Amino acid sequence: MSEESVISQTDIEKAINSVKAIKDGPRALQLYMDICAKCGTCAEQCHVSRANPQRRTNPAARSDLIRKLYKQNGSILTKIRGLFNGQSNNLSPEDIETWVRDFYECSGCRRCAKFCPFGIDNSVITRKGRAIVHALGMSPKMMAQTQEMSDKFGNDEGQTYASFMNAVEFLESELQEEHGIPIKIPVDQEADILFVPASADLVSFPETQMGCATFFHAAGLSWTMSSEAFDGANFGLFTGDDAHMKRKNKLLHDACLKLKVKKLVIGECGHAYRIAKRIGGAFYWGGDIPYEITNIFIIAAEELARGKLRLDPNKNPEPVTYHDPCNFARSTGVIEEPRVLLRACTTDFREMTPNRDYNWCCGGGGGLAVMDSKEGVKKNEVTFLDYRMNVGGKMKLNQVKETGAKYLAAPCANCKRQLMQLMDYHKMDVRVGGVFDLFDKAVILDK
Amino acid sequence: MGGIKIFIGEILPYITLIVFLSGITHKILKWTKAAQGKMTLYPAASTPGDKWKRIVKEIFIFENLFKGNKPLWAGTWVFHVSIALILIGHVRVVTDFPLLWQVLRMGKEDVDTLSTTLGGAAGLVIFIMGIYLLVRRLAVQRVREISDKDDYLTLALILGIIITGDIMRFVTHFDLAQSREYFVALFTFKSVAVPGDPAFLLHFFLGQLLIIYIPFGKFLHIPGTFYSKSIIYQE
């Protein structure tokens, strides 16, 4: 929140009304208001709560920020319980300010839901809290800016048609240089597949983007990118802004129809895939959408099983470990496919512990990876960068150390940024990149 | 004393029944009617049958909790199993099963011995586990910091019910013939003497308070678990 903005009484009423509305809201939210028994199990299983044990990082306490307000303002049934706890009915401007910090300290990784005896997914409450501060215009600067940028340009990086085409040309010349043959990145052509990465891959993680292009080439698939929809990233998931999420998802849908593709293939971006496949897709645009929504890992694993790819694992001899992005492992079930690929592309693949759907969050989930400044509090607090390096990323750092890996594959633009910074900050000799970066090295192409 | 007896024994039970049934029906209808988007937590169940298998497994062995917190799992699993055993045992408070005992070739004394041994053991175990849960709530910082008054109140209520129950079992040796006669009268809307054992009255009173509180407080985790697990397990 910016220093000068003032939270008015109307804002507070708006926040309270939004909490009240939970009583007719989604089933999960209603249940989560009612059934938590305060057993404290989530506190043991949350990376933030474990790294910095105090009341405010306790997932149940964070969820109580909303829950308590709901109980005082909800139906008669919930009011009775609110009465027992005797909290005051006030929500102060300071409370709402700290909500910004508190709801962004949770990365929404959903690990707590794996262990909660009632399956409570605290990320749903976190997102509700973020939606409330967003509606008041109080979302963290980077969140709000990224959404504005995306609404204006259709991608989070603010790329224009010209800069996108430049990036494509540059990547094509890099590919030519690396492989000695022309590998095309088709744009705006009718094809079987529309490939959509996170737009950050084009600028910040070009090796990943190149690896994906090489894969399509090697597998002989008919694919294209769209100059109007080349960014699957969607901060509406992070800010709780459903309208934005749908707007951004519509770009992908429209591009699929325009280019008459059979498949929408999302790249190395967990939350992009979650929105395209689980939240948007058929739910937004009807069950009869004329294309299938899938992911590059899924089709790559299929092509590998079909024997269509020749790979030389000796090209990647260093110890490699894999970080399961929460939106792949826990929220979309893409768990084994990246491993199949990594094993085929490397000689020394090492699992971290815990892994798969029990992995620790990188500490950059839920949009945190792009947040560096102080948020939600005016002073005497660390910046989000400090927080990510010392609290949010602590469990992951220890896990990576234990593997002894020199390359950390993390197929998600958020995870990549967070983990690169984390390795730098703690002076770890570990390179961070995507899975397809390694594929690009291991693949044997027909010349 | 007479007034209290009439209230607890002849008026409150009907109130309890009405409040509990309408409260829980309201909640369940509300949950059922609420819309819900997909929010599967992977790996997901592939079929509805598979989903229910996982839910039932969770209900019986608390698998999530076992993975998440072993000491709490042990304590609370024993706690809940004791509740289940005790609830089954409580059927004999209302009625008896002479035919079943005949089939099992058990005489009245055998049945009483069984009841005393199993019921007595469960009564003691649940008391210890109830105390464990209270001590844990007070002693473990991560639990204490999220505990509210209603967390302590519900625990105190449960402990009150356990203690009065154990008093009837071990001290006043409550005669079940009295309660059976009473409950038959209650269900047929006839007036009959409410058992006068103060431990019974208090136990029955607290028990009814608990039932009344189920639709309003954390006990909603009993029906709620089926719904919340269903949301995250289904593909």
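This is a predicted model: local features need pLDDT of at least 70, side-chain atom pairs count only at pLDDT 80 or more; totals for chains, interfaces and linings use all residues.

Residues are numbered from 1 along each chain as its sequence is written, and chains are lettered from A and ligands numbered from 1 in the order in which they are written.

Chain A is divided into domain 1 (9-138), domain 2 (154-305) and domain 3 (313-442), with bounds from an automatic or database domain assignment. The C-alpha centres of domain 1 and domain 3 of chain A lie 28 Å apart. Their contact takes 19 residues from domain 1 of chain A and 21 residues from domain 3 of chain A; two residues are in contact if their C-beta atoms, placed from the backbone, lie within 7 Å. On the domain 1 side, helices H4 (47-51), H7 (93-105) and H8 (111-115) of chain A each supply at least two residues, and H7(A) gives the most, with seven residues. Helices are DSSP runs (H or I, at least four residues), numbered from the N terminus.

Arg343(A) has its place in helix H20 (residues 337-345) of chain A. Arg343(A) is partly exposed because 15 other C-beta atoms lie within 10 Å; a residue is buried at 20 or more such atoms, exposed at 12 or fewer, and partly exposed in between, with C-beta atoms placed from the backbone.

The contact between the chains takes 45 residues from chain B and 47 residues from chain A. On the side of chain B that touches chain A, H12(B) gives the most, with eight residues.
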